[in-house]
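Let's take a friendly walk through a protein model, one part at a time. Have a look at the picture and keep it beside you as you read.

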Amino acid sequence: MSSIIQLLPDHVANQIAAGEVVQRPASVVKELLENAVDAKATDIKLIIKDAGKSLVQVIDNGVGMTVTDARLCFARHATSKIRQAEDLFSLGTKGFRGEALASIAAIAHMEMKTKQDQDELGTHIVIEGSKFVSQEVAVLPKGTSFAVKNLFFNIPARRNFLKSDTVEFRHVMDEFQRVALAHPNIHFSFYHNGSELYNLPAAGYRQRIVGIMSGKTNEKLVPVSEETDIISIQGFVCKPEFAKKNRGEQFFFVNDRFIKSGYLHHAVMAAYDGLLKDGSQPSYFLYLQVPPNTIDINIHPTKTEIKFDDESALYAILRASIKHSLGQFNVAPVLDFDRDSNLDTPYHYKDMEAETPTIQVDGTFNPFTDDKTNQHYSKAGSGSGSGSYSSGSSSSSSYSGSGSSSSYSGYSKRVEPTASWESLYVGLDTENPEAIESSPFTFENEEVTSSLFNDDEIEQSTQKTYQIHKKYIVSPIKSGMVIVDQHRAHQRILYEQFLLNMTVNQASSQQLLFPLDLFYSATEMKLIEELKPSLETTGFVFDESKTDHIVVSGIPVNITESEVSLVIEQLLSDLQDGIPASSYSQNDTIAKSMAKSLAVKTGSYLTEKEQDNLVNGLFACKDPNISPFQKPTFITMRVEDIDKKFAL
Ligand code: ADP
Ligand code: MG
């Protein structure tokens with residue numbers, strides 16, 4: 001039988017290799033920027049069009065290439081950066097594989113102009129899908145320019161695989177920021193579709209970080225500095241009170257290369273132990289230098305993980321030095337051992353005034369507010385001014401939509417107020433059978449809306465709700481009792497409220513006396529710009545925004561001024577993977593996100609009146625059974641179930 005093995009032609013091999021190196025426009029950006037840094041450029045320009053899909057161009061003033069090198073650089077495994085295997089252990093450059101240019105040239109239209117300082121003339125080469133189209137001598141400035149057009153022109157499947165411009169742009173932005181943060185001594189500028197996004201003069205670390213993030217970053221930074229035999233650490237961490245909802249601003253650089261390390265991240269978090277609100281994330285910009293022979297630099301071109309020789313020592317040093325910095329700059333709170341933490345007001349509520357909740361389930365009738373109960377509530381209410389449930393409840397327009405039900409049995413036979421209600425829930429899975437099955441209690445899906453509460457019982461008793469473990473509200477009902485999860489219930493209430501406002505587009509807003517200036521990074525600003533129209537339908541009013549901050553002059557009636565930045569941060573964090581395309585799902589995402597940030601938390605004490613409003617509010621909802629995140633909001637327990645337990 002004849003032999004069947006053949007060597008693949010170069011252009012095929014390059015195309016296959018390209019699959020690994022070039023996944024998206026951002027990969028091209030990374031490779032070209034790193035080449036420019038390796039070429040010792042002091043000025044690097046990045047120009048992209050359509051999130052890099054139609055053009056990625058990098059212009060540098062580095063060492064340039066000779067005519068021979070200019071041609072050779074497109075060959076596979078052609079590199080000037082290592083000559084022998086040992087060089088791998090003393091590597092000082094980003095690249096060393098000699099793969100990037102060959103790979104990019106295989107799958108795009110590429111144009112290169114390059115000239116060395118000492119040469120009169122430079123070289124201009126056009127290469128498309130690995131084929132040299134032209135090579136000319138040209139009058140050029142010192143340095144190199146690579147323009148990559150029509151990425152994946154010959155691999156339609158890959159081209160179709162690319163995400164929306166918003167998502168691809170975000171990836172490009174990430175790569176740009178990583179390289180620019182790693183090299184503050186280089187002047188970087190960045191243009192997208194003709195507009196300048198960044199112009200960062202050569203500077204120190206602090207100035208570069210502030211330049212990339214936003215004007216307000218400076219005051220948040222605490223310097224970290226440590227020199228030992230095995231590692232040097234420079235950089236900044238942010239003060240705990242500025243911790244964010246998402247992990248967007250966390251950067252490790254090892255020997256000027258951006259890396260990700262769950263292990264080192266853990267060390268940072270350990271240093272913040274006890275200083276952060278639950279789930280919040282500190283920003284950090286940490287520059288580590290280690291001897292090149294103590295790390296495994298054989299990193300896959302698209303990977304950012306790295307292996308250290310002595311990880312546990314690095315962990316300890318990093319944690320200790322950050323802890324020291326946080327302490328030295330007096331950002332750790334004074335410990336007070338006599339303090340009763342039960343008296344603490346939860347974070348999100350501490351700045352708020354204690355308002356009386358005014359959720360109105362139906363406009364005209366409420367069986368619980370006869371004279372007797374009113375007296376009782378006002379007493380109970382005045383003794384417990386925690387205000388913890390004041391957030392979503394101050395809206396007067398809250399339930400106007402469903403408020404047309406006008407009797408106690410309104411819980412059961414709610415009048416559908418407008419046809420648009422139906423449109424609010426297209427695609428929402430209301431059944432959620434799994435959750436029902438997994439519940440140890442009977443889930444009275446149908447019955448709950450039918451005369452859930454026993455009239456007699458409620459009339460007799462002044463208190464009909466109890467809060468247990470600052471988490472559940474228990475209330476007797478005709479068939480037994482209902483147990484409501486306060487957090488999920490409030491999420492449901494707020495979610496419907498926001499969605500309704502957005503759909504009918506008549507949210508009322510409260511004018512702020514002093515407009516709020518909120519600072520964001522360029523990426524975040526871009527997202528906010530796109531979200532503005534939807535946010536405005538919830539009641540936000542924005543004044544003309546600047547490049548690095550927005551000016552909020554009006555806010556929805558059911559949120560407080562101090563919650564605004566929290567709400568927007570949560571929203572940005574929920575939109576990490578891009579903005580949903582349809583306006584329906586965009587509204588849905590925003591409503592969910594706002595409900596998530598504003599809902600009363602587990603652990604918050606609720607007054608009887610607040611408990612009451614919450615329960616009533618929930619059962620006035622279109623879909624009281626589940627939270628916007630498809631979790632059960634309440635369970636019921638029948639008397640028979642309780643009887644059974646006692647029969648054991
Ligand atoms: P690597 O960076 O791994 O060496 P590349 O394919 O990215 O591989 O680049 C191949 C070679 O082309 C580099 O080693 C370098 O000599 C040369 N080169 C690439 N970009 C530039 C540039 N901007 N300026 C000068 N030389 C460059
Ligand atoms: Mg390279």
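How far is an oxygen atom of ligand 1 from an N or O atom in the side chain of S80? The distance is 2.5 Å. Keep in mind that this model is predicted, so its distances are computed from a prediction.

Stay with the ligand for a moment. Ligand 1 is surrounded by 19 residues, and the closest are N35, T79, S80, K81 and G98. For the side chain of N35, the corresponding distance to an oxygen atom of the ligand is 2.8 Å.

Now let's turn to how helices pack. Two packed helices are described by the angle between their axes and the distance between those axes. On the α2 side, P25, A26, V29, K30, L33 and V37 take part, meeting E168, H171, V172, E175, F176 and V179 of α6. Sorted by class, this contact has 8 nonpolar, 1 polar and 3 charged residues.

Next, find helix α14 (residues 486-504) and helix α15 (residues 522-538), whose axes lie 7 Å apart at an angle of about 110°. These two helices are therefore roughly perpendicular to each other. Here F498, N501 and M502 of α14 meet S534, T537 and T538 of α15. That contact contains 2 nonpolar and 4 polar residues, with no charged ones.

Notes:
Residues numbered from 1 in each chain as written. Chains lettered and ligands numbered in written order. Predicted model: local features only at pLDDT ≥ 70, side-chain atom pairs only at ≥ 80, totals over all residues. Heavy atoms only, no water. Contact = heavy atoms within 4.5 Å. Helix = DSSP H or I, 4+ residues; strand = E, 2+ residues; numbered from the N terminus. Nonpolar A, V, L, I, M, F, W, Y, C, P; charged D, E, K, R; others polar. Near = heavy atom within 4 Å. Polar contact = N/O pair within 3.5 Å; in protein donor to acceptor, adjacent residues only side chain to side chain. Axes fitted to C-alpha atoms, helices over the stretch in contact; angles between N-to-C directions. Parallel < 35°, antiparallel > 145°, perpendicular 65-115°, else oblique.
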